[in-house]
Amino acid sequence: MHYDLIVIGMGLSGLMAAKTAAEAGQKVLIVGKGMGSLSLFSNSIDVLGQLPKTMKMEPHRQTSDVDTKAHRGEHPVPEDQFTHEQVSGHLGTGMKDGLSQWIKDHPEHPYSKVGLEKIEEAFSSFLSLFPPPYSFQAIDNMNCLLPTGAGTLRPTYLIPTTMVGGISFDGGHTLIVGFKGFKDFYAHYVADQLKCRGITLSLPDVPNQEITATALARLMEKKSFRENIGREIKKQLQGETRVGFSALLGMHNPFQVKEDLEEIVGAKVFEIPILPPSIPGMRIFNRFKEWLIQKGVTFLLGYSVSKATLKGKRCERIEVFHPPVTTSYSADRYILATGRFMGGGLKANMEKVFEPIFNLPVPQSKSREDWFEKNFFTGAPHPIHQAGILIDSTFQPVDERGDLILENGWVVGSILAHHHYIDEKSREGIEIATGYMAAKRALAK
Amino acid sequence: MVAAPLPGGALIYATLRLRLRKKLMDKQISPKNNSDVCIRCATCMAVCPVSRVTPKFPGPKQAGPGTERFRRPGEPSVDEWIDLCIGCHLCDMVCSSGVNISELNLIAKAKYLDQKGRPFRDWLLTHSYLYGWFGSLFSPLVNLLLKGSVTKWIVEAILRIDRRRELPGYESSTFRQWFKEHQSKGHKKVAYFYGCHTNTNEVDVGKATVQVLEANGFEIILPPQRCCGIPMLGNGDFKGAKKMALYNVPSLLNTIRSGSEIIFSSTSCGHMIKHEYGHLLSIPDAEEVAEHIFDIFEFLRNLIESNGLNAHFKELSLKIAYFAPCHLRALGIGLPALEILRLIPGLKIDNIEADCCGMGGTFGFKKEKYEISQEIGRDLAEAIDRLKPEIILSDCEGCRMQIRHLTGLKVLHPIQIIRDALL
Amino acid sequence: MKIKTEVLIIGGGATGVGISRDLALRGIPSVLIEKKDFASGASGRNHGLFHSGGRYAVSDPEAARECIAENRILRKIAPHCIEETDGLFVSLPEDGLNFRDKFLRACEEVEIQTTLLTRDETLELEPELNPNLLSAVKVPDGAIDPFALVLENAKDAEEHGAKILLHTEITSLILDGDKVKGAKVKDLLQGEEYIIEAPYIVNATGAWANQFLKRVGLHIGMALSKGSMLITNQRLNHSVINRCRPPSDGDIVVPNHTVSILGTTSIRLEEVEKFEVTPHEVSLLIQETSKMIPAIQEARFIRAYAGIRPLFQSEEKGNDRAISRGFVLIDHGKRDGIQNLISITGGKLMTHRLMAEKTSDLICEKMGRDVPCSTHLKPLPGSNRPTSLKERLEQFSTDQGETLCDCELIPRKEIEEVLGGEKLKDLQDILHRTRLAKGTCQGGFCVYRLFGVLHDLRMAEGDSNKILKGFLEERWKGIRPILWGIALKEEELIESIYKGIFNL
């Protein structure tokens, strides 16, 4: 079967690329195994959690309360300086300046290949999939800190409605609620670390005493359950104005769940990211899936590409092996969005790191000894994280000399070289921006 | 053993070869398991419908690769909860490491049930092909009985088939009987694997398939066929499933080698033949059959590529919701029914945003699993309710049964709408 | 504060704890101090091999004899610490059969029961072995859980009146002329310093022997030999697999609960504290062991670790009382003029009970008491935990309650029991007493949950995230040497969780 575009990989970058192409009326196939990091980590949208140190804060922010020795990415600013206006896709001046500076400082970074203007467009495109009531917003054009399941604060940029209540965390006015039998979130752990109060509720009718994230999220979507726990929490409130839950306020109707709970409890409700699986990430995935299928994109979840056949510098077709049948798909253009090691986009044997589908060159340290630092927590990222696929300014893969490798191929997402999304806190941003941009480039060629 | 039309000596040779292979297969060590590649990321847990509704099932992360490290071949199985795996394959679809979770579960289930023993009820549920003809022959009486509350009470008490579940009614004339009277004409021959349920319980699905294919210029033939074996496989009865496969494969192979492709309308039968016969059951030559067997909509979609599809449809103003069965997803062909349906003018089609219907084939009939089946189905019912369709379409008979049971709405196979839309 | 006892034992490894138990059963009160947790030295970092003695039959028959005798005793007294897997000494084509025949004869000499298996019989038993093997000899090897062994010795000792003080370090020895009188010690948990008075002192510090003896200006000839091991994700073999050739590197694969342990190497070290598994050792172990089990080439590893063997280098004869070439019992009175100070070193986990027996005999001799040893007769107290894989699976299937460690199927109940037990200093202490974090993800999910449980039980002390980071750092030491393939994927996940989601 022939398509205009085949996207290989179903993480956020692949999904964005597919969306961008589908919107332009292209016949698209997206094939991938797994959901990328959406099912694991993407609770909110990181753009650049680690802002450049040289960045100046906006004038009216420079109060004496600002801790200039704060860790990278952390900007503990008093609550009254945040507003909660929705920013409809455009990057606020704070982030814009930050990105601008970053691009200047890191010309090889994927953001630099996209450019500020297109980054904004990409985010607009992403946000258009999430109209109110369950929408994403930036708070006052800047990163803000959200509490995590380990009781730490984490900088992020675009926040879903259900997490907004966690901004400007105030221990004195927040209650953390956990559930007995749910082992991926502990209210007391979070509360002790964040210096606030925590309670653990028992779940009625859970005979085995263990409940999974999806089961709990599902229960949350039942009105009777919400009423039960809501009443219980209200009873136990001691003047707190905010209540934090683990990030499972429902898979399908999180906004409804939040609103309802807020009404019953009488306090602002928010969710806190936890160990995988990530329910908020799944919401993003499901939304993309729904949209793409509606648009007529062929959505092949569950299959990985086993082989790509090239003729010279053109990819002619890809093969998907689903035992015992091998099916070929061909397209005019191909976008590689297979992620890093977890997704199988990059593989490592004892000697080297390689890209298994197109065998694109991966610049890397000579020996395995140099892939990782001696310590787990290091000042700089582990060298292996910088390894990835090299691209030119149009997102097409090149070798170390800069020569084009694939005439009709583009590469997006975390598989790219020259970034380290963990330290930078830029994973989702890179995925969205590069997925969007590369698709635009591909369609233009 | 089906005698292939080969000259005498070759026939004997083929028989012997098949017997030897069969012997080897019986001794075969189970398919190599991939649990070593599991990185414990718990993505599978995000999609498992069973662990979403009941704490009795630990979920794919545990059930498959987790406990696999503890299982030893010589030791008895203690996996009391393993038969709660509904076999939806959703975990496999989302595992980026490639762990064959549902296969691990199935093999463990087979071992557990082989050891524990299967109740008569399970034999009954998985061998319906043996008495389907009887149901059809005496359909008015049988259907009456099946609906009767007394029968249901008795059936529940003795067999532990939940009385709340509607048992599928039989049609008085089977699909085969209809086809015998039907003169199929066309330019090219194509073979149809209709499946047990189409033959005795939903004959119109078979009729529609035949009519659509004929409208596209094909003459339909029916190769000798038996139950595909998926009910047995789903219950961990590898032996029973193999028996069915060993009958079907030579027959289908014969058809293929005579130049006809094979079509199926039931995605469960199709997935079984295409992907489980070779890989899981190691039936010789199953790979060749797999190359030449297609879902009806996949086949029609392929016709589009060669400009051979009769897409002359009349306008149908219906509000329809389509539900993709688990086995369709597991076939990896996308959603071809949606693509074809979209060619019908006036049709409003929504894809239902839900994963598993909860029927799981024989799973939903069993008393101890009925509640789980219903809870899973509840999510689907809510998704349908949001769409408020007039008719619901699904390619799997199990899904159709479940959706009727959950919503009381009209549920058809998409091929029936295509047939209705033909000019 | 002052504690008075008869014997002060320094070192909480298998030997020290064994002595504590032996003395206790003889009715002699003792105090054992250990600066960390039980089995912090070689006792906690070995191959887990329950020797039949076959490995020494040809090269060191005396040691072999000791092994098989202890093998029989330990089977009787500590059955729940041992998995009776049997062992195979496999002859590959390059080994020829000469050594095998020598091996058979030598085993017969020292009364190690052997069964010669043909190639087909061997492959029937262990289908994962190299199909080109020539033959194999079955011996009564097994797999032992060293920590359980040490813990139970300790339990029995305490039940019979011994006192054991963990996280207690010696700061100085107290002498009265040429006799030992006791020691000044420090409680590392509370910070308190106090005195333990004891007329007899046993140095059972293993590889730290000289660290200890330095305090009284003494020194014994020790060779520190590092042995490295790799752990596979899945159990590849069910018997212990040995190479039937003169002992060398990469000769042994031991099954242990859900995994297999490949070992080992032998590298001289100068320091006792800093050591790591080198890339060369990793390659060597894979290369050598895969000759016996080809699947090792593609196997996934979850951890690498090393331990230090305290080997005694004998000096001129006559100055020490070498009981055997296996272990050494040194009477510092005779050798160095410091009375009633004894060092016991060398040896292996297999002979810990025998070492303890000899040490206790010497002490009794010095005390002028004639009480016989009974450690070979009295069984160790058991535990109620599942010991076999099947039992663990059964527990998982039938138990109600949360499973904290998904990889090793450890229920929350078990952790709460551990936490409710003796006073534990830190996370490592907890981890020693359970199989939590020993599975595929090496604590990636369950250690976080463990902290959650600590907070739930209001038992968390200090900054949990700091401790969690410390754990991840410690864990990294065992992970870094095996980072390729799937292990690398796993680490991407772990990093993304802790540095990503949790921003640690």
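**Entry 1: domains of chain B**

I began inside chain B, where 6 residues of domain 1 of chain B are in contact with 5 residues of domain 3 of chain B. I count two residues as in contact if their C-beta atoms, placed from the backbone, lie within 7 Å. By class, the domain 1 side of that contact has 3 nonpolar, 1 polar and 2 charged residues. For these classes, Ala, Val, Leu, Ile, Met, Phe, Trp, Tyr, Cys and Pro are nonpolar, Asp, Glu, Lys and Arg are charged, and the others, Gly among them, are polar.

The assignment for chain B gives domain 1 (35-116), domain 2 (120-159), domain 3 (175-305) and domain 4 (319-421).

Residues are numbered from 1 along each chain as its sequence is written, while chains are lettered from A and ligands numbered from 1 in the order in which they are written.

I checked the confidence of chain B. Its mean pLDDT is 90, and 92% of its residues reach 70 or more. pLDDT is the predictor's confidence in each residue, from 0 to 100. Residues 1-9 of chain B stay under 50, and the model has 11 contacts beyond four places in sequence for them. Residues 13-31 of chain B also stay under 50, with 11 contacts beyond four places in sequence. Where pLDDT is low, the predicted coordinates should not be read in detail.

**Entry 2: chain B and its partners**

How many residues of chain B are in contact with chain A? I found 33 residues of chain B against 37 residues of chain A. Helices H2 (43-47), H3 (49-53), H5 (90-94), H16 (267-279) and H17 (286-291) of chain B each supply at least two residues of that side. Helices (H or I, at least four residues) and strands (E, at least two) are DSSP runs, numbered from the N terminus. The side of chain B that touches chain A has 13 nonpolar, 11 polar and 9 charged residues.

I then turned to chain C. The contact takes 19 residues from chain B and 21 residues from chain C. The chain B side has 7 nonpolar, 4 polar and 8 charged residues.

**Entry 3: chain A**

Chain A is divided into domain 1 (1-75 + 95-123 + 276-395 + 411-445) and domain 2 (149-272). Their centres, taken over C-alpha atoms, are separated by 31 Å. The contact takes 16 residues from domain 1 and 14 residues from domain 2 of chain A. Helix H9 (residues 279-294) of chain A gives the largest share of the domain 1 side, 4 residues.

Next I looked at a sheet. It is open, has 4 strands in the order S8-S7-S9-S10 (chain A), and its pairing is parallel. Two strands pair if DSSP finds at least two bridges between them. Which strands are the edge strands? They are S8 (197-201) and S10 (268-272) of chain A, each pairing on one side only. Neighbouring strands are turned by 30° against each other on average, direction ignored. Axes here are lines fitted to C-alpha atoms, for helices over the stretch in contact, and angles run from 0 to 180 degrees between N-to-C directions.

Strand S7 (residues 174-179) and strand S9 (residues 242-246) of chain A pair over 3 bridges. A:Leu175 stands opposite A:Val243 in S9(A). Helix H5 (residues 187-194) of chain A packs on the sheet, touches S7, S8 and S10 of chain A, and makes about 180° with S8(A). Helix H8 (residues 254-265) of chain A lies across S9 and S10 of chain A, at about 130° to S10(A).

**Entry 4: chain C**

Chain C has 16 helices and 24 strands. Its C-alpha atoms fill a box of roughly 65 × 60 × 40 Å along the principal axes.

I looked up an open sheet of 6 strands, ordered S10-S3-S2-S14-S22-S21 (chain C), with mixed pairing. Its edge strands are S10 (163-166) and S21 (327-331) of chain C. S2 (residues 7-10) and S14 (residues 200-203) of chain C run parallel over 4 bridges. In S14(C), the bridge partner of C:Leu8 is C:Ile201.

S11 (residues 168-176) and S12 (residues 179-187) of chain C pair in the antiparallel sense over 8 bridges. The hairpin has 2 residues between its strands, and C:Gly177 in the turn has a positive phi of about 70°.

Notes
Predicted model: local features only at pLDDT ≥ 70, side-chain atom pairs only at ≥ 80, totals over all residues. Domains from an automatic or database assignment.
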